Amino acid sequence: MKRRNSIIGILILLLITILVQRISIRLVNADTHIQFVDVTQEAGIHWRHVDGRSGQKYFMETLGSGAAFFDYDADGDPDLYFVNGAPLPGYISQEIPTNCLYENNGDGTFTDVTKKAGVGDTGYGHGCAVGDYNNDGTLDLYVTNYGTNRLYRNNGDGTFTEIAEPAGVTEPRWSTGCAFADYDRDGNLDLYVVNYIVFDIDENPWCGFKEKGIRAYCEPDNFIAQSDTLYRNNGDGTFTDVTKTAGIYNTTGKGLGVVWSDYNNDGTPDIYVANDSTENLFYHNNGDGTFEEVGFMIGVALSENGVAENGMGTAFGDWNNDGWLDLTVTNYAEQTNTLYHNDADGFFTDATVTTKTAQITYPYLGWATAFLDYDNDGYQDLFVANGHLHENLAELGQEGTYEQRNLLFRNNNANGTFTEVSETLGVGMKLTDVSRGSTFADYDLDGDIDMVVTNSNTAPRLLRNDGGNGKNWLQIRLTSTNGSSDAIGARVEVMTGKLTQTREVRSGDGYLSQQDLTLHFGIGDYEQVESIEVQWQSGTKQLIESVSANQMLFLEENRNE
Amino acid sequence: MSQKGVLFLVFLLIIFVSPTWNATAQTPQDLYARGMQEAQRGQYTQALRYLQHAIQRDPASAQAYAGLGTVYIQLRKFAEAEVALKHALDIVPGLLQAEANLALLYTRIERNDEAIDIYRKLSENHPDSLQIQIGLAAAYQKASRFAEAIEAYHRTLNLSPKLAEAMTNLGSCYEAVKQQKQAIHYYESALVLNPELSMANGNLGAIYQKQGEFDKARPLLEKAIRLNPNFTAASYSLGLIATKQREFQRAVALYRSVIAQQPDHIGAYYNLAQALFRLKQATEGKRAMEIYSRLNAIAQEIDTRERAILLEPSNPRKQYQLGLTYEKHGKFDKALEAYQAAVRLQPEYATAHYKLGKLYFRKGRFDAAERAYLSAIAVAPEQAPLHAGLGAVYYLQDRLDEALAEYKAALTYDASFVHAQVGIAVIYHRHGEFEEALTAYHTALKLDAEAHHALNGLARLYLEGASTSAPPTKKEAHIQETIALAEKAVRLAPVPQYLQTLALAYFRAGAHQKALKAIHTAIEMEPGNDAFRQTLAKMKESDEKTK
């Protein structure tokens, strides 16, 4: 009898094993048809990032630069802009590196139109943001530099004019992240510029192991922080620095990433700044033209243990589809990236551990980050670009590698956790690079989100999403008629069955980069969207019902009902 | 955030030898045996008495000195313990009990390298000694030499496979080297053997908390706290879970318990503030936030100094600066380590030796303080503070002539060095040379009218002198002056010894209520000081007699 029981036991065990194997095979299969393919060269993108290094370890070499997907020529497909570094003392090269604009040819390839467009800045560049600052219906471009920043006004004919000085937004200090938003809801896009540290290129400190003669990049702690700058748009093509009067002035932050978002659903955009080695800052918009810094109080300034980490990139996204935008910030190696849950009561809870995104990020040095629904299942996934800043880690006695793979966390839908799946998503997601910025768009208009990742001192990667459109989707391009045409700050809710997804049109995001302004929604197996509700930045609401899936929807404020 | 301390329960077994006690005889051997039996019963004061008696009878008894050192360890009188154990080893080099306990002592007081040296030698001679293997493992662990600690714990477990405490410590070491699976394995194994181990429960719970496995973590942490209510790391981890699960009241209570145990716990203050804000207790939240900010600023300052050393490990100046930073924030043991590192790197670093001397003096390690001051003086013989510091060391060892010589040397190099002047006055005073003492105190007060030790010393001198030959009216004037001096000393430095002087002065002037109040305050400040209690008793006795 005993023997029989044990045989039955073995049979049950075998059955369970077979079931488990089947389940695991199915789980793997669920993603294997989605592949990110590196198509950089075949798409005609030959631009390379140059950090200007000469062995003198200038601190700006570490930051890399961002990129922007934006439809500069309004032809319906997203074009691509790259920000570049510049030669530093001791750097030898015949070529002068420039920023670069690629026009999307609509056939999967791009053409370099930098010279024609006049956006080939040669400053030591870092970040960029896009917005229609002068309400003329075309997208303008702001670029941050170590040195004077640039504002490129779109002339509407394929060319730009650089007008930072007359517009009053040159900001000569070391700027990094930047983003447009209409914080005072006057119909004109204002501009937030993050400033990093005080650094004199003629007084480059020697950091590293002096006794062994091993030089390393310095740390943020070696330098003094600078206050960020908030420019209010005067509505006449110029801006006014309102940093102090608006309550933004703060000399503690060594800022890199910035993102505007309406975290408390009160209709006004708030600001989150990721700071490198100092407390992250969260400026709550009081709705009267002023802000209050509340980062510590609401739980987004520090690590779970109250330690200031090395914040790099940041993004807002509603990963649990509850209508409240959650927040993420990337950090240095041996710190986890942080994922905050918006508790809908003005506070955030650090959900890094509970979402299972903590341990895997620990060895990586994170930069760009973004919420995107790469598999169109209706839940936003999470991307992180990684890469160390020391190429001589072993010499410095540190663990890890200079080149690192990027991470893509698939949202496990309703259970509140993520699973890192980049290994299953094709060669493009397995590459190891020294990544920094990233931007996202459906550049080939096939219904799934593609990505560009910038890499330090080398070529970027255009990673085409092949197979991500296995499920249904909807893309929405908003055009505002009150104020800035780009609809930056507008909020869209898409309802399909039990799913309600919320997105904002946003300028400046992730790390030094700009995502396409077209909103992308995966809707899973639903073939129709029940309703779309748009809350425009002017405050007006617009409802569209019964919209077919798998299309690009162009919505203009107060039309299309 | 898990408890990284080492479980000492296991190897404390080493310290007591159990000789047979002969109830009738009083030979040194019997006294020693009785002492050790008292120690085993936890009666350490009694044990001390027997052991000291044994030594009186046989000053060459290495065993008795070793026993004495062992008992001093239990009484946390580490400086005395070291002296006694070293004395035992002077008498009988290689005496196992003395060597093993000296190593244990060094582990306790964070002199891990010295502990490791002794344990390694012992381990070579006694490879099968469980206690020595555990001691060595623990010393490695405390020195953050985790790879070696892991090896040593494995050797321990080979000798005794069911030692749950060793498994727990091994789990901690694996955790420190980020081998979570191994850590979990050993914590779980330890708990199978002994489910009541608070550290294994707490550390395992903390790992699960970090992994977001709250259902697994919670019962382990609850149990760890139940077993050891002072287990701060477990309380903190449980607090984090409570915060995540929106049990903010519970979280506040847990963070407060952490802070009660560890008042500089930055994470607890941060999370306490967060939880209070959630409970809409903004004022208290802001208070916690302010304390957090203050602690965080200190941590950052220290962190900056520590990282500077990582980059320039051979720069003695960086070590010295780290020492100053630690000292500024009251982390004296760490400061001591930094200054030691500075003088290792630069043996002629007089200021670092001086700082070492001051810290050893503060810890009561007078032999080490003397060596440090002498090293400093060898490099910078004309520095008055060095001689004055050495003078103070000699003074507290009752080496008054040497102390006087050092104070005088200090004055040779700096005639205005008030500490030396006071030191001289105090020595004259102790020698009963009142006139010389009087002159010296006055000279000190001319140099610095607010030299509180001089004010107190002079007041004492007056109290002692006033009881003798002065006529009544002069006595009256004298006592008022004495009270003024003592009051000023207390105002400048409200230490209990000055309050005792003031109490005596009041009492002498007939202000008995004031006197009682002052002596009671002194007793409150230093309840263990018998001299204050005796003063109080005498005052009461005198009052009774008058009645």
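# Exercises on a predicted two-chain model

Lys86(B) and Glu82(B) sit four residues apart, about one turn, in helix α4 (residues 78-91) of chain B; helices (H or I, at least four residues) and strands (E, at least two) are DSSP runs numbered from the N terminus. The model is predicted, so local features need pLDDT of at least 70 and side-chain atom pairs pLDDT 80 or more, while totals for chains, interfaces and linings use all residues. Residues are numbered from 1 along each chain as its sequence is written, chains are lettered from A and ligands numbered from 1 in the order written, and side-chain values use heavy atoms, with hydrogens and water left out.

## Exercise 1. The interface

Task: describe the contact between chain A and chain B by residues, area and salt bridges.

Solution. 
- Step 1. Contact means heavy atoms within 4.5 Å. On that basis 29 residues of chain A meet 33 residues of chain B.
- Step 2. The size of an interface is often given as the accessible area lost when the parts come together. Buried area is this loss (1.4 Å probe), summed over both parts. For chain A and chain B the value is about 2600 Å², with 49% of it on carbon and sulfur atoms.
- Step 3. Glu211(A), Phe296(A) and Glu304(A) account for 24% of the area that chain A buries against chain B, more than any other three residues.
- Step 4. Seven salt bridges cross the interface. One joins Arg246(B) to Asp345(A), with the closest N and O atoms 3.1 Å apart.
- Step 5. The side of chain A that touches chain B draws at least two residues from each of β11 (207-209), α4 (295-298) and β22 (348-350) of chain A.
- Step 6. The residues on this side of chain A comprise 10 nonpolar, eight polar and 11 charged. Ala, Val, Leu, Ile, Met, Phe, Trp, Tyr, Cys and Pro count as nonpolar, Asp, Glu, Lys and Arg as charged, and the others, Gly among them, as polar.

## Exercise 2. The nonpolar core

Task: which residues touch the most other members of the largest nonpolar core?

Solution. 
- Step 1. A nonpolar core is a set of buried Ala, Val, Leu, Ile, Met, Phe, Trp, Tyr and Cys residues joined through side-chain atoms within 4.5 Å.
- Step 2. Among the 123 residues of the largest core, the answer is Tyr272(A), Phe282(A), Phe316(A), Phe348(A) and Tyr119(B).
- Step 3. Helix α15 (residues 266-278) of chain B gives the most to this core, nine residues.
- Step 4. Beyond four places in sequence, the residues that Phe316(A) touches include Tyr272(A), Phe282(A), Phe348(A) and Arg506(A).

## Exercise 3. A serine in a loop

Task: is Ser480(A) buried or exposed, and which side chain makes a polar contact of 2.8 Å with Ser480(A)?

Solution. 
- Step 1. Ser480(A) lies in the loop between β32 (472-479) and β33 (491-496) of chain A.
- Step 2. Its relative accessible area is 5%, so Ser480(A) is buried.
- Step 3. The partner at 2.8 Å is Glu557(A). A polar contact is a pair of N or O atoms within 3.5 Å; within protein, one must be able to donate a hydrogen and the other to accept it, and residues adjacent in sequence count only if both atoms are side-chain atoms.
- Step 4. A polar atom of the Ser480(A) side chain also lies 3.1 Å from the backbone oxygen of Asn482(A).

Definitions and conventions
Buried area = accessible area lost by both parts, 1.4 Å probe. Salt bridge = Lys/Arg side-chain N within 4 Å of Asp/Glu carboxyl O. Buried < 20%, exposed > 50% of the residue type's maximum accessible area, 1.4 Å probe, protein only.
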